[in-house]
Amino acid sequence: MRKIVVLFVVAFCLLSTGMRAQHTFVHKQSSTYEWPEDSLVLKKLDQWRDLKFGVIFHWGLYAVPGIVESWALCSEDVDWISRYGHNNYQEFKDWYWNGLSKQFNPTEFEPAQWAEVTKQAGMKYMIFTTKHHDGFCMFDSQYTDFSISRCAFKEHPKADVAKYVFEAFRKEGFMTGAYFSKPDWHNQDYWWDYFATPNRNVNYKIERHPEKWEAFKTYTHNQIGELMSNYGTVDILWLDGGWVSPRNNQDIDMPQIAAMARAKQPGLLVVDRTIHGKYENYQTPEQKIPEHQLPYPWESCVTLTTDWGWVKNPVYKTPNRIISILMEVVAKGGNLLLGVGPTAEGLIEQPTVKRLQEIGRWMQKNGKAIYHTRITPNYHCGNVWFTADKNGRTLYALYALPEGETLPAVIEWEGNVPERGTSVRLLSTGQRMKWIERDGKVAVTLPAKLAGSTEPIALQFDTPLPKQNKK
Ligand code: GLC
């Protein structure tokens, strides 16, 4: 009798946890991602998912002093916001609004160099900060004078910098996207001088001053309209500043923005960051990688240094670290968007170029295991990440080298057993590797000359066809 009771309790627990797990899963999936219905958007989303590796440039006034983007304008008492040598908030703001735009004169701006360097790195799409939270436009907006094309740089033939950035990248075959901050701290209809600006939010009560909010909405729609009309084909509208949203009582009418933008740019991917739903065509975890594979489109945005924009004395991630991140992201079904900050003069600095080139050398040899791949259910074991060819049969085992380590003599993993009688090859050279399988565990012996190498590798092999396909 006792046995029966125990069995019953165990069965009940199993069933109820199973049900709970399933419930959570279904709930999560439906509430956090909504697949677009527009077939052109779905098509572009598919193309974008195949690219895997992109770059985001943060470039604006903040490049002059080399500080954390526009954030010092925001009067929130947190450790990562500093006034950088100014001991008075008002004085800092005045300097930022009035001094910096007089100094920002990037005479060495050469977007062809940016495109060349990032193309060499194996990047396939590019996002550019057309306007950060400070409201300073890196495109020629007729709705404000607070822009690169109307300040110290205005006489330069490439003063409308966004135009030349997009052109240079399109020429190299990149997909292009506009980063655009929904909040605009320079705009009197968002941060009104009549009041203090205690935090990042709109600083007046919208219900008491609805006409001001309407004016802000119009301004935002107009500027996005300019970006969608005057800059050629734009593939992605990457909207930052998720606190501007209906759930925060700051509704800028995303349905209308998306409809207007897509009328000008059919199939446009709209990425209203962190606002899960219809206007977040892919999700953008920031400076982190999701714990597991996700069944919908996503992109981790990660900085090459510790910052999005250019800073003095940057601390870089190593090329191998970036490659490991890319392996993990792709094995989990996402894309990697790497953050690079050009200097106030308009250049990508040599130490950055060097690192990007090193990543590029690896991508050239191993890109087949990254681009256009699909996820596979058994995607991770120790230092090994797995991706699958579109045919679903060819797998790639990517060995992520931990910082400071060298390649081992033997690489092992569980599951993903190669098909009997086929070879496991080094992707970069096609060389066959010795491999054995015991109890579902695979061991691949690397050639002696690879042992001790500091370059991550990828292996390629075929797995047996799933049983139901065998006739
Ligand atoms: C964060 C930062 C913002 C930056 C963005 C890029 O939201 O606050 O300044 O532009 O990340 O992903």
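**Close-up 1. Bridge between strands E12 and E13 in the predicted model.** In this predicted model, Arg425 has Arg432 as its bridge partner in E13. Strand E12 (residues 424-426) and strand E13 (residues 432-438) run antiparallel and are joined by two bridges, where strands are DSSP runs (E, at least two residues) numbered from the N terminus and two strands pair if DSSP finds at least two bridges between them.

**Close-up 2. The open sheet.** Eight strands, with antiparallel pairing, form an open sheet in the order E8-E9-E10-E15-E12-E13-E14-E11. Its edge strands, each pairing on one side only, are strand E8 (380-381) and strand E11 (410-414).

Close-up 3. An N or O atom in the side chain of His58 is 2.6 Å from an oxygen atom of the ligand, a polar contact being a pair of N or O atoms within 3.5 Å. A polar side-chain atom of Trp71 lies 2.9 Å from a ligand oxygen atom, and a polar side-chain atom of Glu286 also lies 2.9 Å from an oxygen atom of the ligand. Of the 310 Å² of accessible area that the ligand has on its own, the protein covers 89% (Shrake-Rupley method, 1.4 Å probe).

**Notes.** Residues are numbered from 1 along each chain as its sequence is written, and side-chain values use heavy atoms, leaving out hydrogens and water. Local features need pLDDT of at least 70 and side-chain atom pairs count only at pLDDT 80 or more, whereas totals for chains, interfaces and linings use all residues.

Definitions and conventions. Polar contact = N/O pair within 3.5 Å; in protein donor to acceptor, adjacent residues only side chain to side chain. Helix = DSSP H or I, 4+ residues; strand = E, 2+ residues; numbered from the N terminus.
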